[in-house]
Amino acid sequence: MRYSQTTRTRRFAAIVGAALLGSTGCSRSDRPAYPVEFEVLAQGKPAAGATVVLHPVGQIDPKTPLPTGKVDDKGTVRLSTFTQDDGAPPGQYTITVDWREVRKVTVGSDQIRELSPDKLKGRYGKPDAPAAPRVTVEKQPNKLPPLQL
C-alpha cells in the first residue's frame, strides 16, 4: 500500500506531537498543580503590582518551575506554575516578594523602561531567610490567609 506525501507528513507530525506531549507531560503529571490564591497587603493596603514567588522547602525538582504571580489591584495573587493561574504543586514553600514599578525614562531622544527600587527594600527577597513567610499547598484548591508585609 502506498501513502501519499501528505499522509506521510501528517503521520510524522502526529508522532512528533505525541512524543512532545508525552515528554512534557511526565514532569507535570509527577506533581500536578492546585489552585492557590491569597491577598498580599502592605500596611493594610493591596501591594498591587508586586511579584510573588514560591520556593519549595527541602527537596527541589529542578524540572518544576517556581510558582509565580502578580498581585492585582485588589491585592489578590493567583499563582501559575505550568499554565496561567493553575496554582502550585502540593508541598511547603517559602515566599519571596519583590515590589517595583516600571517607569519610563527619557535618555537622549529615546524612552526606556526602568525598574524602580524594591518598595520592600529586599526584606522579602531571600527564600532562605529565617523570617521568610511559609505556606503549605494542599492537594485541593487553596485560599491561603492574607500575607501582611
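Arg78 and Asp72 form a salt bridge in this predicted model, their closest N and O atoms lying 3.7 Å apart. A salt bridge here is a side-chain nitrogen of Lys or Arg within 4 Å of a carboxyl oxygen of Asp or Glu, and six are counted by this rule. Residues are numbered from 1 along each chain as its sequence is written. Because the model is predicted, local features need pLDDT of at least 70 and side-chain atom pairs count only at pLDDT 80 or more, while totals for chains, interfaces and linings use all residues; side-chain values use heavy atoms, leaving out hydrogens and water.

**Salt bridges and their exposure**

- Relative accessible area is classed as buried under 20%, exposed over 50% and partly exposed in between (1.4 Å probe, protein chains only).
- Arg78 is partly exposed at 38%, and Asp72 is partly exposed at 27%.
- Lys143 and Glu37 are joined by a salt bridge between their side chains, at 3.0 Å from N to O.
- Lys143 belongs to strand 10 (residues 142-143) and Glu37 to strand 1 (residues 36-42), so this pair ties together parts that are 106 residues apart in sequence.
- Helices (H or I, at least four residues) and strands (E, at least two) are DSSP runs, numbered from the N terminus.
- Lys143 is exposed, with 66% relative accessibility, whereas Glu37 is partly exposed at 23%.
- Asp98 and Arg100 also form a salt bridge through their side chains, with an N to O distance of 2.8 Å.
- Asp98 is partly exposed at 28% relative accessibility, and Arg100 is partly exposed at 35%.

**Backbone geometry**

- Most residues other than glycine have a negative phi.
- Gln43, although not a glycine, has a positive phi of about 55 degrees.
- Gln43 is placed in the loop between strand 1 and strand 2 (45-46), and at 79% relative accessibility it is exposed.
- Asp85 likewise has a positive phi, near 60 degrees.
- The loop between strand 5 and strand 6 (91-98) holds Asp85, which is partly exposed at 38%.

**Confidence of the model**

- The mean pLDDT (the predictor's confidence in each residue, from 0 to 100) is 84 for the protein, with 80% of residues reaching 70 or more.
- Confidence is lowest in helix 1 (residues 5-30), at a mean of 46, and highest in strand 5 (residues 76-78), at 98.
- Over residues 12-27 pLDDT stays under 50, and the model has zero contacts beyond four places in sequence for them, a contact being heavy atoms within 4.5 Å.
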